[in-house]
Amino acid sequence: MFFFFLFAILLIEMADKKKRLRLDDLPDLLTPREVAELLRVSVITIKRWGKQGKLPAIRINKRGDRRYRKEVVLRLLGIDPNKSSSSY
């Protein structure tokens, strides 16, 4: 029974990930994982691009966690963040 419950939760999470993204729903600061999912690359690639200057990161808190501005990520995708929102 417990495994069935875990499997059901996993299916729900997988379904949530397949929803279409709306630009309005994205937070202003994105985590490396969120950026990686948007760009369909690995988190390591996102961090590497940050070190190369392609995708500048903002460091937050004492641990130095990375966050990326939504506008910068959208420009990297070729989307003008100032235009009206749409889903992708």
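Student: Which side chains meet in a salt bridge, and at what N to O distance?

Tutor: This is a predicted model, in which local features need pLDDT of at least 70 and side-chain atom pairs count only at pLDDT 80 or more, while totals for chains, interfaces and linings use all residues. Residues are numbered from 1 along each chain as its sequence is written, and side-chain values use heavy atoms, with hydrogens and water left out.

The side chains of R63 and D65 form the salt bridge, at 2.6 Å from N to O; the term requires a side-chain nitrogen of Lys or Arg within 4 Å of a carboxyl oxygen of Asp or Glu. A search of the whole structure finds one such bridge. R63 counts as exposed because its relative accessibility is 68%, where exposed means over 50%, buried under 20% and partly exposed in between, with a 1.4 Å probe and protein chains only.

Strand β3 spans residues 65-69 and pairs with β2 in the antiparallel sense over three bridges, pairing being assigned if DSSP finds at least two bridges between strands. Within this pairing, I58 stands opposite R67 of β3. The open, antiparallel sheet of three strands runs in the order β1-β3-β2, with β1 (29-30) and β2 (58-60) as edge strands that each pair on one side only.

K70 lies in helix α4, residues 70-76. K70 is buried yet has no salt bridge, and D28, the nearest side chain of opposite charge, is 4.0 Å away. Beyond its neighbours within four places in sequence, K70 is in contact with L23, L26, P27, D28 and L30, contact meaning heavy atoms within 4.5 Å.

Technical notes:
Helices (H or I, at least four residues) and strands (E, at least two) are DSSP runs, numbered from the N terminus. Lys and Arg count as positive and Asp and Glu as negative; His and the chain ends are not counted.
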